[in-house]
Amino acid sequence: MNDQTIADVLRSTKRIALVGASDNPSRPSYGVMAYLLSQGYEVTPVSPKLAGQQLQGQQVYGTLAEIPYPIDMVDVFRNAEAAWEVAQEAIAIGAKTLWLQIGVINEQAAVLAGEAGLTVVMDRCPKIEIPRLGLARS
């Protein structure tokens, strides 16, 4: 995945579904969600455990399918095994990008999503990539 493609994804993305959202401020997903919100993205947390609650001021949904509006990017904070199922759900809702966080490496999920026309970013974090690529909003 080259920098230009990652930059294009981050520039064109407006709505992000964050799968594996946590209400624990010490978890990476919590910090990344806060950062993405601060950068002007609309972030929808997805967590069966927290469904129906608010997280960082955003409504939490139990699954991607429950989100009542289009999603551009699905950002995955789940283990690598779970990425396959999330990839299937991302395809089903018409997401444009499947973003697998650092350490979430699932080649089968990447191929599945890629063959369905999604851009796939794997083993990277938008909270790192945005400032690295000079895209941060001050």
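**Notes on the sheet and its helices**

1. Helices here are DSSP runs of H or I with at least four residues, strands are runs of E with at least two, and both are numbered from the N terminus.

2. Before going on, keep in mind that this is a predicted model, where local features need pLDDT of at least 70, side-chain atom pairs count only at pLDDT 80 or more, and totals for chains, interfaces and linings use all residues. Residues are numbered from 1 along each chain as its sequence is written, and side-chain values use heavy atoms, with hydrogens and water left out.

3. Now the sheet. Five strands make an open sheet, in the order S2-S1-S5-S6-S7, with parallel pairing (two strands pair if DSSP finds at least two bridges between them). S2 and strand S7 (119-122) are at the edges with a single partner strand each, so one side of each has no neighbour in the sheet. From one strand to the next, the twist averages 20°.

4. Two pairings are worth a look. S1 and S2 run parallel and are joined by five bridges; isoleucine 16 has valine 43 in S2 as its bridge partner. Strand S6 (residues 97-100) pairs with S7 over four bridges, also in the parallel sense, and there tryptophan 99 is partnered by valine 121 in S7.

5. Is S1 enclosed or open? Four of its five residues are buried, so S1 is largely enclosed by the rest of the structure. (Buried means under 20% relative accessible area, exposed over 50%, partly exposed in between, with a 1.4 Å probe and protein chains only.)

6. Back to H2 (residues 28-38): which of its residues are buried? Ser29, Val32, Met33, Tyr35 and Leu36 are. They lie on the same side of H2, because they cover an arc of only 165° around the axis (taken from the directions from the helix axis to the C-beta atoms). Among the elements they pack against are strand S5 (73-76) and helix H5 (126-132); contact means heavy atoms within 4.5 Å.

7. Finally, the axes of helix H3 (residues 83-92) and helix H4 (residues 107-115) come within 8 Å and cross at roughly 10°. Axes are lines fitted to C-alpha atoms, for helices over the stretch in contact, and angles run from 0 to 180 degrees between N-to-C directions. That makes H3 roughly parallel to H4 (angles under 35 degrees count as roughly parallel).

Definitions and conventions
Parallel < 35°, antiparallel > 145°, perpendicular 65-115°, else oblique.
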